[in-house]
Amino acid sequence: MESFKVATYNVNSIRSRLHIVIPWLRENSPDVVCLQETKVEDSQFPVSAFEDAGYQVVFRGAKSYNGVAIASRTEPAEVLHGFQDEGPPDDDRLVAAIFSGIVVVNSYVPQGREKESTHFSYKLAWFKRLGNFLNSHWSPEIPLIWCGDLNVAPEDIDVHDPKRLLGHVCFTPEVWEAYNALKAWGLEDVYRRHHPGEAGRYTFFDYRVPRAVERGLGWRVDHILATEPLAARSLRCDIDMKPRLAERPSDHTILVADFMT
């Protein structure tokens, strides 16, 4: 039996996190790892570090903000950067690639800042645009993964204090509605498939909160979703806390899933 292992990690600057990413790749040997907030211009992306570890990488980025990349053991059959619509391309927030018939869509969804801002309305529209993007290129009948920092905590158990945090731009009914509408296209939360009802497991711990990890003050905003043909063949999906506990960590940690192929 062969498997396909995919991971997602908001690195919060790839050059500042190579000391975590490269050893993790060597130790865990994923087929694909999706990275967000690489925060580096394309000309400065550390391609050689990935090549030395046995990975090739496709990416789009800009200095100091955003940026997405997909590193893989094998060359993708096809790569799409950004939206294919009439709006802003956002190619530093969205990249898709195909590996042995499996579509991997890596996204860094806008955070939204404040609910009264244009950034929040842009976030809601972003989910709709992504739904149109998926529907125009693929079908929920094929093996497809959507993953990344999606900037939504879908349930009360996905945040440490749901009463106090309700209304935050990542934990509010408007975002849940947009996210669930996209899921209804035919996507399943693979982590919840394997950990139904499990509270207290998070992928993001704010730097600004003292001892956030030790106190369990986190959010589950990084996700791996899959269409039913692939979700049904998922073997596991787990949060690896070691990267968040490492020296000079990102404020996120790694989520990883295995699928039978």
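Which residues in α3 meet which residues in α5? In this predicted model, Phe-120, Lys-123, Leu-124, Phe-127, Leu-130, Gly-131 and Leu-134 of α3 meet Glu-174, Val-175, Ala-178, Tyr-179 and Leu-182 of α5, where contact means heavy atoms within 4.5 Å. These residues divide into nine nonpolar, one polar and two charged (Ala, Val, Leu, Ile, Met, Phe, Trp, Tyr, Cys and Pro count as nonpolar, Asp, Glu, Lys and Arg as charged, and the others, Gly among them, as polar).

Residues are numbered from 1 along each chain as its sequence is written. Because the model is predicted, local features need pLDDT of at least 70 and side-chain atom pairs count only at pLDDT 80 or more, while totals for chains, interfaces and linings use all residues; side-chain values use heavy atoms, without hydrogens and water.

**Helices and sheet**

Helix α3 (residues 118-137) and helix α5 (residues 173-183) pack at an angle of about 5 degrees, with axes 9 Å apart. Axes are lines fitted to C-alpha atoms, for helices over the stretch in contact, and angles run from 0 to 180 degrees between N-to-C directions. The two helices are therefore roughly parallel (angles under 35 degrees). Helices (H or I, at least four residues) and strands (E, at least two) are DSSP runs numbered from the N terminus.

An open sheet of six strands has the order β5-β6-β7-β8-β10-β9, with mixed pairing; strands pair if DSSP finds at least two bridges between them. Its edge strands are β5 (78-81) and β9 (187-189). Strands β8 (144-149) and β10 (222-227) pair in the antiparallel sense over five bridges, and Gly-148 stands opposite His-223 in β10. Helix α3 lies across β5, β6, β7, β8 and β9, at about 165 degrees to β7. Helix α5 lies across β8, β9 and β10, at about 120 degrees to β9.

**Pockets**

A pocket is an open set of points on a 1 Å grid over the protein atoms alone, where a 1.4 Å probe fits, with protein on both sides within 12 Å along at least five of seven lines; lining residues have an atom within 4 Å of a point. A volume is the space filled by probe spheres set on the points, which are joined across faces, edges and corners.

| Pocket | Volume | Lining by class |
|---|---|---|
| Largest pocket | about 800 Å³ | eleven nonpolar, nine polar, ten charged residues |
| Second largest pocket | about 180 Å³ | five nonpolar, two polar, three charged residues |

Of the 30 residues lining the largest pocket, Tyr-108, Gln-111, Asn-151, Phe-204 and Arg-208 lie nearest its centre. In the second largest pocket, α1 gives the largest share of the lining, six residues.

How values were computed: Parallel < 35°, antiparallel > 145°, perpendicular 65-115°, else oblique.
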